[in-house]
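Visitor: I would like to learn how to read the features of a structure such as this one. Please take me through them in order.

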Amino acid sequence: MAEYFHKCFPILMNEILIGVGNMVVNMVLGRQAEQAIAATAVFRTLEGLVIGFFAGFSNAASVLVGKCVGAGELDTAYERAKRLVYLCAGFIFVVCLALVLAHKPILTAMSLQGESLEIGTGMLIIYCVAAVIRMSNWVQNDTYRSAGDAAFGTILEIAFMYLMVLPCVCLTGLVWKAPFLLIFACCYIDEPIRFVMMHVHLYSGKWVKPVTDIGKAALPAFRAKHARGREKAA
């Protein structure tokens, strides 16, 4: 039980705090013009489709990596994680590109027109650019969790949400009364920074923290190998 809560507590806190943060973001977006609110409602539906498609992909990737870590095949898990991150990003890019190319009939069919259609189009373009990076961060975090590292990605996500995203969204939306699309873009302002930090962590191999006996037995050799690799790179 102690080991379970040690591994899972960061994940539980992540879901709670990110849920509260997203509620604040939606409160700010809900205080904008009626056309923006209508576009946001339609966008959330499309966003749900992208996330629904990607969630299965990310879960499958984490299972593949976690299985190798548990079996003591740490080098295989490390190489597989790197490939899966780029594979997931590629698939999301294709899905987002399809949405952008077909945005007008989709948004029109969902009753957007005039200014709402323009705002919805802008939101979709911003999201599709951010989604490739955002989903890459997501799959890396899921991979770390499946390998036993529940803290790194979670701490980054919470810290950037409360120290960067929420202040930017609240200032642009409530204080400076910025254009809606700028406020919306601030929702993803942290993703490129976290992508770089998550990538550095990915290539370090420090996220491999097995909980099985066979995995723990293989860990010293894995750590020594990657320590030598970092020394050569330096």
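The dialogue below goes from the overall fold to single residues.

Visitor: What kind of model is this?

Guide: The model is predicted.

Visitor: How many helices and strands does the protein have?

Guide: Begin with the secondary structure. The protein has nine helices and zero strands, and the order of its elements from the N terminus is α-α-α-α-α-α-α-α-α. The C-alpha trace spans about 60 × 40 × 35 Å along its principal axes.

Visitor: Which percentage of the residues is buried?

Guide: Of the 234 residues in the protein, 43% are buried. A second overall figure concerns sequence separation. If contacts between residues at least 6 apart in sequence are taken, 79% of them join residues at least 24 apart.

Visitor: Which residues make the contact of α5 and α8?

Guide: From α5 the contact takes I133, R134, S136, N137, Q140, N141 and Y144. From α8 it takes E191, P192, R194, F195, M198, H199, H201 and L202. Sorted by class, the contact has six nonpolar, six polar and three charged residues.

Visitor: R194 is one of the residues of α8 in that list. What does the side chain of R194 make a polar contact with?

Guide: The partner is the side chain of D190, at 3.0 Å. D190 itself sits in the loop between α7, residues 180–186, and α8.

Visitor: Is D190 buried or exposed?

Guide: Compare the relative accessible area with the cut-off. D190 has a value of 4% and is therefore buried, since buried means under 20%. Apart from neighbours within four places in sequence, D190 is in contact with F160, M164 and V165.

Visitor: How many aromatic pairs does the structure hold?

Guide: There are 10 aromatic pairs in the structure. To read a pair, take the separation of the ring centres and the angle of the planes. For F43 and Y127 the centres are 5.1 Å apart and the planes stand at 80°, so this pair is edge-to-face; the cut-off for that class is over 60 degrees.

Visitor: Where in the chain do F43 and Y127 lie?

Guide: F43 belongs to helix α2, residues 34–70, and Y127 to helix α5. The two are 84 residues apart, and the pair links distant parts of the chain. F43 is buried at 2% relative accessibility, and Y127 is buried at 1%.

Visitor: Which residues form an aromatic cluster?

Guide: One cluster is formed by Y78, Y144, F152, W207 and F222.

Visitor: What does E47 touch?

Guide: With residues up to four places away in sequence left out, E47 touches Y127 and Y188. Y127 is the ring that pairs with F43. E47 is in helix α2, where F43 also lies. The side chains of E47 and R44 are joined by a polar contact of 3.0 Å. The relative accessible area of E47 is 11%, so this residue is buried.

Visitor: Which residue has a positive phi of about 75°?

Guide: That is S111, which is not a glycine. S111 lies in the loop between α4, residues 103–109, and α5. At 61% relative accessibility, S111 is exposed. K177 likewise has a positive phi, near 50°, and is a residue other than glycine. K177 is in the loop between α6, residues 152–175, and α7. The relative accessibility of K177 is 61%, so K177 counts as exposed.

Visitor: Where is M1, and is M1 buried or exposed?

Guide: M1 is placed in the segment before α1, residues 2–29. With a relative accessible area of 74%, M1 is exposed. The C-alpha atoms of M1 and A221 are separated by 28 Å, while the two residues are 220 residues apart along the chain.

Terms used:
Residues are numbered from 1 along each chain as its sequence is written. This is a predicted model: local features need pLDDT of at least 70, side-chain atom pairs count only at pLDDT 80 or more; totals for chains, interfaces and linings use all residues. Side-chain values use heavy atoms; hydrogens and water are left out. Contact means heavy atoms within 4.5 Å. Helices (H or I, at least four residues) and strands (E, at least two) are DSSP runs, numbered from the N terminus. Ala, Val, Leu, Ile, Met, Phe, Trp, Tyr, Cys and Pro count as nonpolar, Asp, Glu, Lys and Arg as charged, and the others, Gly among them, as polar. Buried means under 20% relative accessible area, exposed over 50%, partly exposed in between (1.4 Å probe, protein chains only). A polar contact is a pair of N or O atoms within 3.5 Å; within protein, one must be able to donate a hydrogen and the other to accept it, and residues adjacent in sequence count only if both atoms are side-chain atoms. Rings of Phe, Tyr and Trp (its six-membered ring) pair if their centres lie within 6.5 Å; planes under 30 degrees apart count as stacked, over 60 as edge-to-face and the rest as tilted.
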